[in-house]
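Please take a moment to look over the sequence and the model that follow, and keep both at hand while you read. The paragraphs below go from single residues to the whole chain.

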Amino acid sequence: MSGNSGSLVSHTAVISCPHGGRVRAASVPSSGVRLDGQPVPTADDVFTVVGCPYTVDRVPLPCTTVRWVPDRDTVLIDGVPVLLDTSSAQCFSAGLVPQGPPVVSAARQGVMCG
């Protein structure tokens, strides 16, 4: 494992795009690993953004998806990296224009990886 560490991103984490839109898991995590009865999301899960107000020259260009790029030396579930509050990610518009990293807060405390 590398020097990267952080708190596990669980169903209690509050994630938003850089413009304040709410990020939610669009797919149900498929792993058998659970935290407080809820599946733990991994880098393979799909995340969407709802309510992003971002515009360019008064033309809406909201964030719509998030792609996670976790450290390859991180904790794995079924061979797929878990998501930590320190994992790299990027929000994208519907046209796949990078919009900036999501903001992860309120990640579950007490569940640390690293």
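A residue is called buried when its relative accessible area is under 20%, exposed when that area is over 50%, and partly exposed in between. By this rule Cys52 is buried, because its relative accessible area is 11%. Cys91 is buried as well, with a relative accessible area of 0%. Please bear in mind throughout that the model is predicted, and that every value given here is computed from it.

With these cysteines in view, how many disulfides does the structure hold? The structure holds 0 disulfides, and the reasoning rests on a cut-off, since two cysteine sulfur atoms must be within 2.5 Å to be counted as such a pair. For Cys52, the closest cysteine sulfur belongs to Cys17 and is 3.6 Å away, which is too far for a bond. For Cys91, the nearest cysteine sulfur is that of Cys63, at 4.6 Å, and Cys91 is in no disulfide.

Turning to the rings, the structure holds 1 aromatic pair. The partners are Phe47 and Trp68, whose ring centres are 5.7 Å apart and whose planes meet at 65 degrees, so the pair is classed as edge-to-face, given that an angle over 60 degrees is what this class requires. Phe47 belongs to strand E6, which covers residues 47–50, while Trp68 belongs to strand E9, which covers residues 63–69, and the pair therefore links distant parts of the chain, 21 residues apart. Both Phe47 and Trp68 are buried. Another ring, that of Phe92, has Arg67 lying over its face, at 5.0 Å from the ring centre.

Is His11 buried, exposed or partly exposed? His11 counts as partly exposed, because its relative accessibility is 42%. When neighbours within four places in sequence are left aside, His11 is in contact with Leu35, Asp36 and Gln38. The C-alpha atoms of His11 and Val40 are separated by 7.4 Å, although these two residues are 29 residues apart along the chain.

Finally, consider the protein as a whole, which has 0 helices and 15 strands. Of its 114 residues, 38% count as buried, and its accessible surface comes to about 6,300 Å², of which 52% belongs to carbon and sulfur atoms. Among the contacts between residues at least 6 apart in sequence, 63% join residues at least 24 apart.

Key: Residues are numbered from 1 along each chain as its sequence is written. This is a predicted model: local features need pLDDT of at least 70, side-chain atom pairs count only at pLDDT 80 or more; totals for chains, interfaces and linings use all residues. Side-chain values use heavy atoms; hydrogens and water are left out. Buried means under 20% relative accessible area, exposed over 50%, partly exposed in between (1.4 Å probe, protein chains only). Contact means heavy atoms within 4.5 Å. Helices (H or I, at least four residues) and strands (E, at least two) are DSSP runs, numbered from the N terminus. Accessible areas come from the Shrake-Rupley method with a 1.4 Å probe; for residues, only the protein chains shown count as cover. Rings of Phe, Tyr and Trp (its six-membered ring) pair if their centres lie within 6.5 Å; planes under 30 degrees apart count as stacked, over 60 as edge-to-face and the rest as tilted. A charge sits over a ring if NZ of Lys or CZ of Arg is within 6 Å of the ring centre and within 35 degrees of the ring normal.
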